[in-house]
Amino acid sequence: MNALFYTAGGLALLTTVLAITRSNPVHALLYFVVSLLFMAVIFFTLGAPFGAGLEVIVYAGAIMVLFVFVTMMLALDRLALRRERDWIARPIWIAPIILVLLLAAELARPLLHGSRQAFHIVTPQAVGIRLFTGDLAAVELASMLLLAGLVAAFHLGRRQ
């Protein structure tokens, strides 16, 4: 199970880097979907099958389909693709790479020192109760934000 965890983690990192560095938005979205699927495998290996299912259904399913539709509606032209390719080639990536390395060092520190944390299993019933009682406003705000993004993408992608 540890080998599967580390393999999925490495592949999730690789596909995320590929998603960030692609100049074609459709290719970037597809790499990001694969990254989210590897994250679901990581959740499953950590003993959270419900979290893995939510990752696949909500993120890799619903939200990424919305992103793909928005990308298709915007219909980026060659000038926009060239501009993004030029942006990716700049040395602006130095600061984010340093921040990622710092984050990786912070995440690796507990593994190197052998600290163990007690995990607690969350049931689907507990997630539902939490979402529809205490976090109901946040769920509704998130749905309104997604709807506003869809309407904005529709208006931006419309031909005059």
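Leu 37, Leu 54, Val 56, Ile 57, Val 58 and Tyr 59 together make a nonpolar patch on the surface, with about 490 Å² of accessible area. Patches here are built from residues with over 30% relative accessible area and no salt bridge, joining like charges within 9 Å and nonpolar side chains (Val, Leu, Ile, Met, Phe, Trp, Tyr) within 5 Å. A salt bridge is a side-chain nitrogen of Lys or Arg within 4 Å of a carboxyl oxygen of Asp or Glu, and accessible areas come from the Shrake-Rupley method with a 1.4 Å probe, where for residues only the protein chains shown count as cover.

This is a predicted model, in which local features need pLDDT of at least 70 and side-chain atom pairs count only at pLDDT 80 or more, while totals for chains, interfaces and linings use all residues. Residues are numbered from 1 along each chain as its sequence is written, and side-chain values use heavy atoms, leaving out hydrogens and water.

**The patch and its helix**
- Helix α3 (residues 49–74) gives the largest share of the nonpolar patch, with five residues.
- Tyr 59 sits in helix α3 and has a relative accessible area of 42%, so Tyr 59 is partly exposed (buried means under 20%, exposed over 50%, and partly exposed in between, with a 1.4 Å probe and protein chains only).

**The whole protein**
- The protein has seven helices and zero strands (DSSP runs numbered from the N terminus: H or I of at least four residues for helices, E of at least two for strands).
- Read from the N terminus, the order of elements is α-α-α-α-α-α-α.
- Of the 160 residues in the protein, 16% are buried.
- Among contacts (heavy atoms within 4.5 Å) with a separation of 6 or more, 67% are between residues 24 or more positions apart.

**An aromatic pair**
- One aromatic pair turns up in the whole structure (rings of Phe, Tyr and Trp, the last by its six-membered ring, with centres within 6.5 Å; planes under 30 degrees apart are stacked, over 60 edge-to-face, the rest tilted).
- Phe 5 and Tyr 6 are the partners, edge-to-face at 5.3 Å centre to centre with 70° between the planes.
- Phe 5 counts as partly exposed because its relative accessibility is 25%.

**Around Thr 21**
- Thr 21 belongs to helix α1 (residues 2–21), and its relative accessible area of 30% makes Thr 21 partly exposed.
- A polar atom of the Thr 21 side chain lies 2.9 Å from the backbone oxygen of Val 17.

Conventions
Polar contact = N/O pair within 3.5 Å; in protein donor to acceptor, adjacent residues only side chain to side chain.
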